[in-house]
Amino acid sequence: MTDDVMAEIDTGLQLHISGDRAGAREKFAALWERIGEDGDRLHRCALAHYMADVCDDPADELAWDLRALAAADSLTDERAQEYHATLAVRGFYPSLHLNLAEDYRKLGDHEAAKAQWALGRGTLGALGDDAYGAGIIEAYNALATRLDIETDSPDFRPRRSGHNLE
């Protein structure tokens, strides 16, 4: 079954990847107008997650990342798997918490950043043993350095494969 909204979100994502942040932001804003705060949870989660990436203001980025987290918290695996059979909501959290930690760091709230980092670090077991998982782990380790966090296992590797939000 085709999910037209997810296809449109992907179109916006491709604009961002190609360097057209303004075009992606415009596409995502128009989609958000259609979806709204009460729309499909998967759509809200994905759209807010990607909208945060094209924000220029760290406070706006934080607001969108918080929307993505709230949508993920209300999302079920069953709904996610209607879109793609391998999706598991637990696989979204490493990236969501990483983004929130970085948002708070940019805003100068290092305590909130460290709290989000710790929450996210606890979800890394949901990542697959693949390039995506390794990239997220590298990002956690880099953020730990920026936040001056001592880590006990910087070479942590996920144990299972899975499909993630990004």
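Let me start with the aromatic pairs, of which this predicted model holds 2. In one of them, the rings of W32 and W64 have their centres 5.0 Å apart and their planes at 90°, and because that angle is over 60 degrees, the pair counts as edge-to-face. W32 belongs to helix α2 and W64 to helix α4, so this pair ties together parts that lie 32 residues apart in sequence.

Helix α4 has 16 residues, and from its first C-alpha to its last it reaches 22 Å, which is close to the 22 Å expected at 1.5 Å a residue. At the start of α4, a side-chain oxygen of D57 comes to within 2.8 Å of the backbone nitrogen of A59. The buried residues of this helix are E61, L62, W64, D65, A68, L69, A71 and A72, and, taken together, the buried residues of α4 pack against α2 (21–35), α3 and α6. As a reminder when reading such a list, an α-helix has 3.6 residues a turn, so residues three or four places apart point the same way.

From there I move to α6, residues 93–106, a helix of 14 residues that reaches 20 Å from its first C-alpha to its last, close to the 20 Å expected at 1.5 Å a residue. Is α6 mostly covered or mostly open? It is mostly covered, with 12 of its 14 residues buried, and those buried residues run through Y93, P94, S95, L96, H97, L98, N99, L100, A101, E102, D103 and Y104. The buried residues of α6 pack against α3 (41–53), α4 (58–73), α7 (110–121) and α8 (131–147). Just after α6, G108 takes a positive phi of about 85°.

Finally, let me look at Y140, which is found in helix α8. With a relative accessible area of 0%, Y140 falls under the 20% cut-off and is therefore buried. Which residues is Y140 in contact with, leaving aside its neighbours within four places in sequence? The contacts of Y140 are Y93, P94, H97, L98, W117, G120, R121 and L124, and among these, Y93, P94, H97 and L98 are also listed as buried residues of α6. By contrast, Y140 and R34, which are 106 residues apart in sequence, are 34 Å apart in space, C-alpha to C-alpha.

Key:
Residues numbered from 1 in each chain as written. Predicted model: local features only at pLDDT ≥ 70, side-chain atom pairs only at ≥ 80, totals over all residues. Heavy atoms only, no water. Helix = DSSP H or I, 4+ residues; strand = E, 2+ residues; numbered from the N terminus. Expected span 1.5 Å × (residues − 1). Buried < 20%, exposed > 50% of the residue type's maximum accessible area, 1.4 Å probe, protein only. Contact = heavy atoms within 4.5 Å. Polar contact = N/O pair within 3.5 Å; in protein donor to acceptor, adjacent residues only side chain to side chain. Phe/Tyr/Trp six-rings, centres within 6.5 Å; stacked < 30°, edge-to-face > 60°.
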